[in-house]
Amino acid sequence: MRADRVFAYGAAAGLLGDHLLGDPRRGHPVAVFGRAAGAVERVLWRDHRGWGALHTAVCAGSAIAFGAVAQRAVRPSRTASLALTAAATWAVVGGTSLAREARGIGRALEAGDVEAARARLPHLCGRDPQALDADGIARAVVESVAENTSDAVVGALVWGAVGGVPGLLGFRAVNTLDAMVGHRSAKYRRYGWASARLDDVAGWPGARLTAVLATVAGGDRRGAVRAWRSDAAKHPSPNAGPVEATFAGALGVRLGGTLSYGGRVEHRPVLNQEGRAVEVGDIERAVRLSRRVGWLALGVSAAGAVLRGRVARRPAVGAVPTLPHSQLRSSGGTPIDPAERLPTAVGSGCPRQLEELS
């Protein structure tokens, strides 16, 4: 089976596995990577960008190399290749955990238990829960669902379509490193710079695809486009801006405003100023939109992988396909000795593709 179809089928199986099983409570591969990255940090940490860049290169490079070695090892077996792609996809996407945590907070808010909602909020985002009332918690959840739809689902599928298993693992490694060290605290302002910038680059295509799909799958397409065009650039994050703005427009709500992280207050621009304030019921609407976006992203990524594979297999312009030896005939119908063949195919610029056609 060709690599493009391996990704398409394997990614579908992995996303279905996440939908049905979710993440394990203990021993999750991403948690294992996080502990390893933390150990590397304890050895390398210096208040310097260069050491932080080395940390990023070691950790992300190791994940990519592991994926490449594993993919190469199973390549001869179609079943093993599919299983590896499915397992990698299941390990790096987190749509079900995202929905579970968001809905758990929503249920607590519906029951009027704000303290329970505050206790669960740190599982979803880094806001200061004690600084938020019920409406503030609901807004934080909707924003986190929007951003993590890109980070935990769509971005991984995009890089999987581009790079297979190494792409899947590499994207998750970069995203995890950003969550660990890529923030502006005194400790990580320099050390986490490389991880944060690399995450911005890696997350760029997934964030734009998420915004497009949220516009398509949302309830208010015009509102999503309007919010994206008018408000996305106001967000301090180049990737969260388009995603949160389109979710806000699609859901008809206002996002952004004053936030509190680690005791630091930020006053961010309001996204979709024309929308209404977020209500508890909007959490479920955001989760359902996130789910639709995830499945659409699978379709787009799988189609993209198949298309890329077809383009890669297309003979180069000017290449001369050759017939098998048994079909070579002279003008008189007698077989031609392969040794007497004209050198056009040998001298062409794409011998590997010509050999595959032979």
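Trainee: Is W45 buried, partly exposed or exposed?
Mentor: The model is a predicted one. A residue counts as buried under 20% relative accessible area and as exposed over 50%. The relative accessible area of W45 is 31%, so W45 is partly exposed.

Trainee: Is Y191 buried or exposed?
Mentor: The cut-off for a buried residue is under 20% relative accessible area. Y191 has a relative accessibility of 0%, so Y191 is buried.

Trainee: How are the rings of W45 and Y191 arranged: stacked, edge-to-face or tilted?
Mentor: A search of the whole structure gives one aromatic pair. Planes under 30 degrees apart count as stacked and those over 60 as edge-to-face. The ring centres of W45 and Y191 lie 6.3 Å apart and the planes are at 40°, so the pair is tilted.

Trainee: How many residues apart are W45 and Y191?
Mentor: W45 lies in the loop between α2 (29-44) and α3 (49-74), and Y191 in the loop between α7 (134-181) and α8 (193-217). The pair thus links distant parts of the chain, its members being 146 residues apart.

Trainee: Which term describes α1 relative to α4: parallel, perpendicular or oblique?
Mentor: The axes of α1 (residues 3-21) and α4 (residues 78-92) come within 7 Å and cross at roughly 45°. Roughly parallel requires an angle under 35 degrees, and roughly perpendicular one of 65 to 115. The orientation of α1 to α4 is therefore oblique.

Trainee: How many residues of the contact of α1 with α4 are charged?
Mentor: The contact includes F7 and D18 of α1 and W90 of α4. Its residues comprise nine nonpolar and six polar, while the number charged is one.

How values were computed: Residues are numbered from 1 along each chain as its sequence is written. This is a predicted model: local features need pLDDT of at least 70, side-chain atom pairs count only at pLDDT 80 or more; totals for chains, interfaces and linings use all residues. Side-chain values use heavy atoms; hydrogens and water are left out. Axes are lines fitted to C-alpha atoms, for helices over the stretch in contact, and angles run from 0 to 180 degrees between N-to-C directions. Helices (H or I, at least four residues) and strands (E, at least two) are DSSP runs, numbered from the N terminus. Angles under 35 degrees count as roughly parallel, over 145 as roughly antiparallel, 65 to 115 as roughly perpendicular and the rest as oblique. Contact means heavy atoms within 4.5 Å. Ala, Val, Leu, Ile, Met, Phe, Trp, Tyr, Cys and Pro count as nonpolar, Asp, Glu, Lys and Arg as charged, and the others, Gly among them, as polar. Rings of Phe, Tyr and Trp (its six-membered ring) pair if their centres lie within 6.5 Å; planes under 30 degrees apart count as stacked, over 60 as edge-to-face and the rest as tilted. Buried means under 20% relative accessible area, exposed over 50%, partly exposed in between (1.4 Å probe, protein chains only).
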